[in-house]
Amino acid sequence: MTLRVCLCVTLLLSTATGLPRLNSRSSIVGGEDAAPGRWPWMVYLQTSNGTAKGSSCGGTLINTLWVLTAAHCVDSYSFRLTRVLVGQLKLRDTNGLKYSVHRVLVHPDYRDDEYMPHNDIALVQLDGYVVISKLVMPVALPTRRDVFSTRSECWITGWGLVAKHTPLVGKKTLQQLKLPLVDDNTCRMMYPSTNYNHLCAGFMQGGKGAWKGDSGGPLVCKSASGRFVQVGVVSYGKGCAQRDYPGVYTRVISYTEFIQDAIGKYS
C-alpha cells in the first residue's frame, strides 16, 4: 500500500523531491488532545495485511449505518478492512463500539495515477446500527447552501504518528488540528493535476498538515449556522507538511449523488 497522507508539524529543513505517496495510515502531528464528544462522528478503521502490525485509517459516521472514508483506504489487495471503532476517543481504552464490515463501496471512477488520486472516496456499511448518543453522532454533510472560505474555522482529526517514526503514546488520544482552507487557484497552482473535486487545506509556510495515519478522516468546517460540516476527506499530500504544498482533500459536495444513491440502494 502506498503512502498517501500525513498530519505533521515537523519543520522541514530541506526540500523533498518528487511526489512521495502518503500511506492510507496517516495522523496528526503538532495537534492537541481532543475532548470527549468534541468530534462524535470520528471513526477508526482497522485494516490488516495478515500480520500482527496491521494499519489504520480514519472515517466519519454519516448516519447510523454508514461510514465515509477514502477509497485508497479500502481499495487494496494488500490490506483488508477488519473492524470499525465508533465512539472511541482513546485507542488504549475499550469503551468504543466495535463493528464488523457488511459492505464496502468504492467510487466507480476512483483511480490513482502517478500524480494524484481522483474520486478518492468510499462508503463502508456496518454490520449493525449505531446507537446515537452525546459521544456518537453523525457528521453533517454539505449542501449547496453551505459556503466556506479561507476565513472559515476548519479542523482535521485523527490518530497516528506525532512526528517522523513517532507514534502516539499513552492512551493514544484522538488528535485535533485547526487549519485554514486554501483558495482553489492556489491549490491548482501547487497541484496542477487537481480539479474541482479536490480542495486544499493547510499552512502555506509548512510545518503543520497531513502525514501518516489519518487518510479517510474528515476535514470539517463551521457553517454559518454554527454546526460543523464535513467538506473534505483526507486524500493526498506532497511530502510532510512541506512549504507551499498544503494537503489535498476529496471535496465531499462533489459526491452527494454517489453517497445518496449508495445509501438508498443498500440500506
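**Cavity, sheet, disulfides and pocket**

The second largest cavity is lined by Pro-117, His-118, Asn-119, Asp-120, Asn-197, His-198, Ser-235, Thr-250 and Tyr-255. The model is predicted, with local features requiring pLDDT of at least 70 and side-chain atom pairs counting only at pLDDT 80 or more, whereas totals for chains, interfaces and linings use all residues. Residues are numbered from 1 along each chain as its sequence is written, and side-chain values use heavy atoms, with hydrogens and water left out.

On a 1 Å grid over the protein atoms alone, a cavity is a set of points where a 1.4 Å probe fits but cannot get out; a pocket is an open set with protein on both sides within 12 Å along at least five of seven lines, and lining residues have an atom within 4 Å of a point. The volume of this cavity is about 40 Å³. Its lining comprises two nonpolar, six polar and one charged residues (Ala, Val, Leu, Ile, Met, Phe, Trp, Tyr, Cys and Pro count as nonpolar, Asp, Glu, Lys and Arg as charged, and the others, Gly among them, as polar).

Of its 18 lining residues, Phe-148, Leu-181, Tyr-196, Leu-199 and Arg-251 lie nearest the centre. Strands β15 and β16 (198-201) each supply at least two residues of this lining (strands, E, at least two residues, and helices, H or I, at least four, are DSSP runs numbered from the N terminus).

Both β15 and β16 belong to an open sheet of eight strands, ordered β1-β14-β11-β17-β18-β19-β16-β15 with antiparallel pairing (two strands pair if DSSP finds at least two bridges between them). At its edges stand β1 (32-33) and β15 (181-182), each pairing on one side only. Within the sheet, five bridges join β17 (residues 218-222) to β18 (residues 228-236), and Pro-218 has Val-233 as its bridge partner in β18.

The structure contains three disulfides (pairs of cysteine sulfur atoms within 2.5 Å). In one of them, the sulfur atoms of Cys-154 and Cys-221 are 2.0 Å apart. This pair links distant parts of the chain, Cys-154 in strand β11 (residues 154-158) and Cys-221 in strand β17, 67 residues apart. Both Cys-154 and Cys-221 are buried (under 20% relative accessible area with a 1.4 Å probe, protein chains only; exposed means over 50%, partly exposed in between). Another disulfide joins Cys-187 to Cys-200. Because Cys-187 lies in helix α2 (residues 184-190) and Cys-200 in strand β16, the pair ties together parts that are 13 residues apart in sequence.

How values were computed:
Points joined across faces, edges and corners; volume = space filled by probe spheres on them.
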